[in-house]
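Please read the points below with the model open beside them. They are meant for someone who has not looked at this structure before.

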Amino acid sequence: QPFLGSIRTTTIDRVQEIDSLYNRSLHPMTIMVLSSSSLLLWVSSALALSRSVSSFQIHPPPPLAAASPLFRTTSSSSSQLNSVAADSNAAAGLVSLDRTAPRQVEYFQEYAVNYGGVQPENGFCLQSTVIDGNEEWYATTSEGAEAGSRVLWVPQGMILSSRTIANEFTGYVEQALFAVQENYPALVPQFYLFLKVLMEYELGDESPYGPWLEALPRKWNTAVAMDDFCLSCLPPYLLGVCKEEQYQFAIFKQALQDFEYVSSSAKDNDELLKFAYNVVMTRSFASGTDDYKIVPVADMLNHGYPDNAVLVYDDDDNCSVVLQKDVAPGESLTMSYGNPNNPSQLLATYGFLHEAPATFCKMVIANPSVELVNIGYDPERMLYDTATGGIAQEVWDVLLYSRLERKPQLTHIKEAFYQAHMTGDEETKGAIHQEFQQDSCNALRRHVDHILIEVHELTVKMNSYDSSKHPRLPLLKKHHAMVTSTFRKVREYLTAISSN
């Protein structure tokens, strides 16, 4: 089924190579290490090439043998040859990383259907729009569809799976994994994907994932893409989240040095490493307990709250995009990238600002006690309502308990409050809150005023710089404006309850 909408055709520049492509022989060692996913996509590619080339007018895909992750060998000299080959590949046919490079999404749409075996349904297609002067792509359906309908099917052979990659890389990646396992064991699946993206990038025109890479963004607003000036404009909580993201990237870079199947030139190319890291972190999602997957085409679904679509895998690991609710023709198809009440984390990891129904109160406590965590110290629970300025109960609980912790003379009250909280004794908790209500309101108002002053000063600082030299400043200004609006409403709410 063709994608609906305007499809740009691309001139075939290697039609002459098709005959040789059919006749190309594979080295026996290469065949041995082809994964089942690679073999499936190779078969679908060969079948597609058997059709009339002139009917689609797009570049035929290379055989999947070229995309095989490693050639299994125990010879150190052979390993060195692989590294040398990677160095030579890095010199030609690579995806442009220039921020101004156009995204070849339309070409990729057709490539995915004709050569990747992707099956769009109910008018599924990728469309573009302009937001703040930038081209943005989104998934939609021209026909609309009911809840429970499938709008896209992506075969297992086209999907990048960390579990499959881990099996393929056994015996070749253990030394590189050490740094990741020691610092961020939960990110090991994403590290496998990071390596795979880099290897496919270095294959250039020989990679069957080349059209997908060409369709990906080159402009990023994530924490890893921020420079020192951007970081200097962030309030403490967002700054902490962004620095954590940057440290994760630094660990990936460190671990990469011990993986010899990526070229030295790639390891030294910071823009390439940021590109690969951002691709993985913004487009991979958990599938089961030990696997993360990137599903080309389906990865074009943007974040939404509430979302209207979900990824579903069958027993063969094929992926379907299934609607969770009715959608109208032209409506954007969305899935959840994370907690909608933590816009700072979404901004740091994914590079966009979501208009959240609530946001973290920005009350950052260094080294919180176990008891304070049990009371409710959690950025995803300590929330302010962005529309009304309402304050979550966890904010009041944490604020009061943290103040009681600092007053030894009130230890008995602190212990009574903790016991009441842990046992669900709301009457006792309420009585203690009532006793310290004015003190709590004053403390929270001081905190709110401090954040408002801090964000104002940071905004003034940003306004004094040229946004063209710091392209992420407009997004950060929007974040600060959202914080300012919310915290002003919280201050009004505090004033109202204090006067009662």
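**Notes on a predicted model**

1. Phe252 and Tyr277 are both buried.

2. A second pair, Tyr337 with Tyr350, has its ring centres 4.8 Å apart and its planes at 40°, so it is classed as tilted. Tyr337 sits in the loop between strand S11 (334-335) and helix H14 (343-350), while Tyr350 is part of helix H14; the pair therefore ties together parts 13 residues apart in sequence. Are these two tyrosines buried or exposed? Buried means under 20% relative accessible area. Tyr337 has 14% relative accessibility and so counts as buried. Tyr350 has a relative accessible area of 16%, so it is buried too.

3. Turning to charged groups, the model contains 12 salt bridges. In one of these, Asp290 is joined to Arg163, with 2.6 Å between the closest N and O atoms. The two residues are 127 residues apart and link distant parts of the chain: Arg163 is in helix H6 (residues 162-168), and Asp290 is in the loop between strand S6 (284-286) and strand S7 (292-294). Asp290 is partly exposed, at a relative accessible area of 46%. Arg163 is also partly exposed, at 34%.

4. The salt bridge between Lys196 and Glu200 has an N to O distance of 3.1 Å. Why are these residues separated by about one helical turn? Lys196 and Glu200 are four residues apart in helix H8 (residues 188-203), so about one turn lies between them. Both Lys196 and Glu200 are buried.

5. Lys293 is buried, as is Asp291.

6. Salt bridges can also be followed through a network, here one that links Lys253, Asp270 and Lys274.

7. Which residues of helix H18 (residues 426-435) are buried? They are Lys429, Ile432 and His433. Viewed down the axis of H18, these buried residues fall within an arc of 100°, so they line one face of the helix. The face of H18 turned away from the buried side carries Glu427, Gln434 and Glu435, which are exposed. The buried residues of H18 are covered by elements including helix H16 (393-405), helix H17 (411-423) and helix H19 (437-463).

8. For the strands, the point to check is an open sheet of four, running in the order S1-S4-S10-S9 with antiparallel pairing. Strand S1 (119-120) and strand S9 (309-313) are the edge strands, each pairing on one side only. Within the sheet, strand S4 (residues 150-154) and strand S10 (residues 319-323) pair in the antiparallel sense over four bridges. Leu152 has Val321, in S10, as its bridge partner.

9. Finally, Ser142 is located in the loop between strand S3 (134-141) and S4. With 38% relative accessibility, Ser142 counts as partly exposed. What distance separates the C-alpha atoms of Ser142 and Ala328? The separation is 8.3 Å, although Ser142 and Ala328 are 186 residues apart along the chain.

Methods: Residues numbered from 1 in each chain as written. Predicted model: local features only at pLDDT ≥ 70, side-chain atom pairs only at ≥ 80, totals over all residues. Heavy atoms only, no water. Buried < 20%, exposed > 50% of the residue type's maximum accessible area, 1.4 Å probe, protein only. Phe/Tyr/Trp six-rings, centres within 6.5 Å; stacked < 30°, edge-to-face > 60°. Salt bridge = Lys/Arg side-chain N within 4 Å of Asp/Glu carboxyl O. Arc of directions from axis to C-beta. Contact = heavy atoms within 4.5 Å. Pairing = 2+ DSSP bridges.
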